[in-house]
Amino acid sequence: MGLLSNRVTRESLTPGDHIYSWRTAYIYAHHGIYVGDDTVIHFTRRGQEVGTGTALDLLLTSSAPARARESCPTCTTAEEEHGVIFSCLNCFLAGGILYRFEYAVSPALFLAKARGGTCTLAVSDEDDIVVHRAKYLLQNGFGCYNVFKNNCEDFAIYCKTELLVAEQGRIGQSGQAVSIIGGPLAAVLSSPLRMLTTNVYGMAVTAFGVYCASRYATDIGMRGDVVKIPVEELTRRLATGLLQVVESQMPMNLVPQSPQLVS
């Protein structure tokens with residue numbers, strides 16, 4: 001792994017690694033926790049890798065890998081899919097390239113990797129603890145999938161760090177979601193600064209700077225609204241309704257509404 005790529009080989013994987021693979025045209029990446037023996041535990045939306053329940057799915061599912069006609073004996077079958085699922089590494093990658101998510105990176109490296117969803121400033125826990133959390137959530141679930149608030153990357157980051165965002169009304173917990181929202185947001189936020197320069201390149205640099213600052217401030221390792229919740233306590237709260245991630249309903253104009261986090 002390095003500045004330009006987090007690409008790794010299968011042989012270098014160890015149980016507890018947070019891995020991901022980009023889908024068609026790099027529209028999004030799918031994340032999971034490697035648990036050994038070429039198997040992965042990952043979070044989905046009712047068996048789909050990603051989705052919102054709106055017209056936006058036409059774009060997202062078009063970039064998703066096609067499902068195999070014959071079921072894999074290793075992977076969770078369609079009847080058993082309930083969010084957190086168990087897959088072989090081949091099915092998880094779906095022909096894509098294998099990457100490993102980086103933890104405890106320096107601020108300079110974090111900002112150098114302009115695309116979100118590849119690294120974090122947060123520190124990972126021990127590998128055996130990470131695997132325990134992933135397997136526990138496989139049996140007990142991780143709540144309601146939400147592409148902007150509670151997605152596959154959020155699942156993998158929680159398994160690695162035990163960190164969750166506790167404050168309501170925040171969109172884009174994961175780095176990948178921040179990248180999707182952060183680009184247009186940076187352009188909006190930097191518009192008042194256009195008076196500082198009339199040069200197109202200067203405006204582009206300003207927008208990029210605002211985008212990087214937003215990524216840095218919203219990283220799970222920097223936010224002040226994160227809490228550590230043990231996995232047993234998390235699933236207990238989800239089961240009893242003390243903690244809920246309510247799936248947002250986005251209108252056809254595709255403007256994301258904030259999901260409600262109730263605790």
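Biologist: How do α4 and α8 run relative to each other, roughly parallel or roughly antiparallel?

Modeller: This is a predicted model. In it, the axes of α4 (residues 127-140) and α8 (residues 231-240) cross at roughly 20°. Angles under 35 degrees count as roughly parallel, so α4 and α8 are roughly parallel to each other. Their axes come within 10 Å.

Biologist: Which hand is the crossing of α4 and α8, left or right?

Modeller: Right-handed.

Biologist: Which residues make the contact?

Modeller: From α4, His132, Arg133, Tyr136, Leu137 and Asn140. From α8, Val231, Glu232, Leu234 and Thr235.

Biologist: How does the contact of α4 with α8 split by class?

Modeller: Four residues are nonpolar, three are polar and two are charged.

Biologist: New topic. How many residues are in the largest nonpolar core?

Modeller: The count is 23. Ile33, Leu137, Phe142, Phe155 and Leu234 have the most contacts inside that core.

Biologist: Which element gives the most to this core?

Modeller: α4, with five residues. At least two residues each come from β2 (29-36), β3 (39-43), α4, α5 (152-161) and α8.

Biologist: What is Phe155 in contact with, leaving aside neighbours within four places in sequence?

Modeller: Ile33, Ile41, His42 and Phe43 are among its contacts. Phe155 is also in contact with Val84, Ala134, Leu137 and Phe142.

Definitions and conventions. Residues are numbered from 1 along each chain as its sequence is written. This is a predicted model: local features need pLDDT of at least 70, side-chain atom pairs count only at pLDDT 80 or more; totals for chains, interfaces and linings use all residues. Side-chain values use heavy atoms; hydrogens and water are left out. Axes are lines fitted to C-alpha atoms, for helices over the stretch in contact, and angles run from 0 to 180 degrees between N-to-C directions. Helices (H or I, at least four residues) and strands (E, at least two) are DSSP runs, numbered from the N terminus. Angles under 35 degrees count as roughly parallel, over 145 as roughly antiparallel, 65 to 115 as roughly perpendicular and the rest as oblique. A crossing is left-handed if the near helix is turned anticlockwise from the far one by less than a right angle, and right-handed if clockwise. Contact means heavy atoms within 4.5 Å. Ala, Val, Leu, Ile, Met, Phe, Trp, Tyr, Cys and Pro count as nonpolar, Asp, Glu, Lys and Arg as charged, and the others, Gly among them, as polar. A nonpolar core is a set of buried Ala, Val, Leu, Ile, Met, Phe, Trp, Tyr and Cys residues joined through side-chain atoms within 4.5 Å. Buried means under 20% relative accessible area, exposed over 50%, partly exposed in between (1.4 Å probe, protein chains only).
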